[in-house]
Each structure stands twice: as C-alpha cells, then as structure tokens.
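Open the model in your viewer and keep the selection panel at hand. Each stop below says what to pick and what is there.

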Amino acid sequence: MTLKNKALLYNFLCFAILFFVFRFFVLDYLYENRIVKSIVSALITMIIAPKFAVLKNKEGSRIVMKWLFSKSIKKL
C-alpha cells in the first residue's frame, strides 16, 4: 500500500468516525429532519476532522497530519 493510499484511508476513517459520532449522538437531539441532520454533521466533520497528506522532501516521503486543534504539523 502506497503512502497516498494510506493517507486517503486515514482521511476516510477519521471522517467516518466523526461523522457517525455527530450524526447519531450529538445532533440527534437538535434536528428532527434526517437530511438536515446529515448535512450539518457533514459540515461540522469537514471542519473538525484531521487532514492527512504525503509530504515529499529530500529524505523521502512521509505522511503528515494537520488538525484544527493543533498548531504544528505532525509527522507520522
């Protein structure tokens, strides 16, 4: 599995986990319409979810993560 595929998988897993948490546990009490609940939880998740990318430099390629709650870019 290449690093780009791993970064894509990490992005998907983080988004899916946070989406289901917001969809079923947090926003269940705020909205009654299922479409509105899904859209609002997707928007919140897009803002909050960590972003993974592949960084290429002289040393080689690495997966890095940027998150809203962290000021620095973390190397994995």
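Predicted model: local features only at pLDDT ≥ 70, side-chain atom pairs only at ≥ 80, totals over all residues.

How far apart are the ring centres of Phe20 and Phe24, and at what angle do the planes stand? The centres are 5.9 Å apart and the planes are at 10°, so this pair is stacked.

Arg23 lies over the face of Phe24, at 5.4 Å from the ring centre. Is Arg23 buried or exposed? Arg23 is buried, because its relative accessible area is 13% and the cut-off for buried is under 20%. Arg23 also belongs to helix α1.

Next, show what surrounds Arg23. Set aside the neighbours within four places in sequence. The contacts of Arg23 are then Asp28, Arg34, Lys37, Ser38 and Ser41.

Go back to the aromatic rings. The whole structure holds five aromatic pairs. One of them joins Phe15 and Phe19, with 6.1 Å centre to centre and 10° between the planes, a stacked arrangement. Phe15 and Phe19 both lie in α1, four residues apart, about one turn of the helix. Colour these two by accessibility. Phe15 is partly exposed at 29%, whereas Phe19 is buried at 17%. Select Phe15, Phe19, Phe20 and Phe24 together: ring pairs link these four into a cluster.

Now select the whole of α1, residues 3-26. The helix has 24 residues. From first C-alpha to last, α1 reaches 33 Å, close to the 34 Å expected at 1.5 Å a residue. Which residues of α1 are buried? They are Ala7, Ala16, Phe19, Phe22 and Arg23. Show their surroundings. These buried residues pack against α2 (34-48), β1 and β2.

Select β1 (51-57), β2 (60-66) and β3 (74-75). Together they make an open sheet of three strands in the order β1-β2-β3, with antiparallel pairing. Why do β1 and β3 count as edges? Each has a single partner strand, so one side of each is left without a neighbour in the sheet.

Stay with the sheet and bring α1 back into view. α1 packs on the sheet and touches β1 and β2. The direction of α1 makes about 160° with that of β1.

Zoom in on β1 and β2. They run antiparallel and are joined by seven bridges. The two strands form a hairpin, with two residues between them. Select Phe52 and look across to β2. Its bridge partner there is Met65.

Keep Met65 selected and turn towards β3. Which residue of β3 stands opposite Met65? It is Lys74. β2 and β3 pair in the antiparallel sense over two bridges.

Met65 is the bridge partner of Phe52 and stands opposite Lys74 in β3.

Methods
Residues numbered from 1 in each chain as written. Heavy atoms only, no water. Buried < 20%, exposed > 50% of the residue type's maximum accessible area, 1.4 Å probe, protein only. Contact = heavy atoms within 4.5 Å. Phe/Tyr/Trp six-rings, centres within 6.5 Å; stacked < 30°, edge-to-face > 60°. Lys NZ or Arg CZ within 6 Å of the ring centre and 35° of its normal. Pairing = 2+ DSSP bridges. Axes fitted to C-alpha atoms, helices over the stretch in contact; angles between N-to-C directions. Expected span 1.5 Å × (residues − 1).
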